[in-house]
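Please look at the sequence and the structure before reading on.

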Amino acid sequence: MTIETLSEQKCFGGIQGVYRHQSSSTGTDMEFAVFQPAEAAKKPLPVLVFLSGLTCTWENFTTKAGAQRYAAEHGVIVVAPDTSPRGEGVADDQAYDLGKGAGFYLNATEDPWAKHYRMEDYVVKELPAVLANNFPVDLDRMGITGHSMGGHGALTLAIKNPDLFKTLSAFAPIVSPANCPWGQKAFNNYLGDNIATWGQNDASALVETFGWSGDILIDQGASDTFLETELLPDVFVRACERKSVALTLRMQEGYDHSYYFIASFIEDHIAWHAKRLKA
Ligand SMILES: N[C@@H](CCC(=O)N[C@@H](CS)C(=O)NCC(=O)O)C(=O)O
C-alpha cells in the first residue's frame, strides 16, 4: 500500500500534501489531498474527510475552501479524495454529471461502470487503511462532510457506517438522489432499475432505516440555483423528524452553490467536528 507524494507545501504551520496510489477498489490510480497541522508531528490527530461535488477533484476544496487555517487551529487532519476513478479505459460520459468527476460515492453494479466505479468501497474501506498506514491519524476519531454530490456521499456513507464516521455534516447536499434529476440519472446508469439498491444509496431513505445517534449539521445557501430541483433539503428534514434525528439545517440567506459559500462556513464545520471528535 505505497503512496507517491506529488507535492508537499508548508501551510499555516502544517503540511498540505497531494498523494497518489494504486487503488484496489477502483483498479485505477487515485489521488487525494491531506492537510496535517503542525501538531500531527507529535501525536495522532482526529480526521475530517471532505467529499467534493460534481466536476471536482481533490483540488477544488483544497485550493478554494480555506480549510487549512481552521484545521490548524483545531488540530484536525483534513482529507480530500477525488470524486471518481480516472484514466484511460475508465468509462465516461460527455455530460458533467455522469462518469468521471461524478462517481456519486457508490459501488456501481451496471456496465460499463461496474468495473471501476467503486467509490463507496474506496472511501469506506481503502482510504482509511491508506491513511492509517501513511499519516498520524486517529481513525477512532474520524468525521465526514462534503458538498452537493459529496454531501450525499457524506450522509450515505456515515449513516451506513456509524462505527467508522463519528461525526457528520454537509454543505448543500443532494439529500435524496432517488428523487432528483442528477441522482436519477446517476442511479439509472450506475445501479440500473433495481429500485431496492437505490434506497441503499439515498440519504433520506437510509436515515429512515438506520437513524443517526449523533447530531447532523447542514448548511444550505438560500440562493443556490440547485436548491429546488436537485438538493431538496426538506425531504431530509422530514425523514430526520420521523426518526427523531437531531438535524440542524441552516438556510444561509443570499449564498449560492459555489466555493464562496463553502469558504464562508468551513470554519463552523471544522470547529463543530473538532468539538465532537475531541469530546
Ligand atoms: N455548472 C457547474 C455544475 C457543477 C457544479 O456546480 N459543481 C459544483 C459541485 S456540485 C462544484 O463544486 N464545482 C467546482 C467548483 O466550483 O470549483 C459546472 O459545470 O461546473
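How far does a polar side-chain atom of asparagine 60 lie from an oxygen atom of the ligand? The distance is 2.8 Å. The model is predicted, so local features need pLDDT of at least 70, side-chain atom pairs count only at pLDDT 80 or more, and totals for chains, interfaces and linings use all residues. Residues are numbered from 1 along each chain as its sequence is written, and side-chain values use heavy atoms, with hydrogens and water left out.

**Confidence**
- The protein chain has an average pLDDT of 98 (the predictor's confidence in each residue, from 0 to 100).
- The scores of the model are ipTM 0.93 and pTM 0.98.

**Surroundings of the ligand**
- Among the residues that surround the ligand are Gly53, Leu54, Tyr96, Phe226 and Tyr259 (a heavy atom within 4 Å).
- The shell around the ligand holds 5 nonpolar, 6 polar and 1 charged residues.

**Polar side chains**
- Lysine 64 places a polar side-chain atom 2.6 Å from an oxygen atom of the ligand.
- For threonine 55, a polar side-chain atom is 3.5 Å from a nitrogen atom of the ligand.

**Annotated residues**
- In an unreviewed entry, the UniProt annotation "active site" covers Ser148, Asp224 and His257; such annotations may be inferred rather than shown by experiment.
- These residues are spread over 110 residues of sequence, yet they cluster in space, with a largest C-alpha distance of 10.8 Å.
- Ser148 and His257 also belong to the shell around the ligand.

Methods:
A polar contact is a pair of N or O atoms within 3.5 Å; within protein, one must be able to donate a hydrogen and the other to accept it, and residues adjacent in sequence count only if both atoms are side-chain atoms. Ala, Val, Leu, Ile, Met, Phe, Trp, Tyr, Cys and Pro count as nonpolar, Asp, Glu, Lys and Arg as charged, and the others, Gly among them, as polar.
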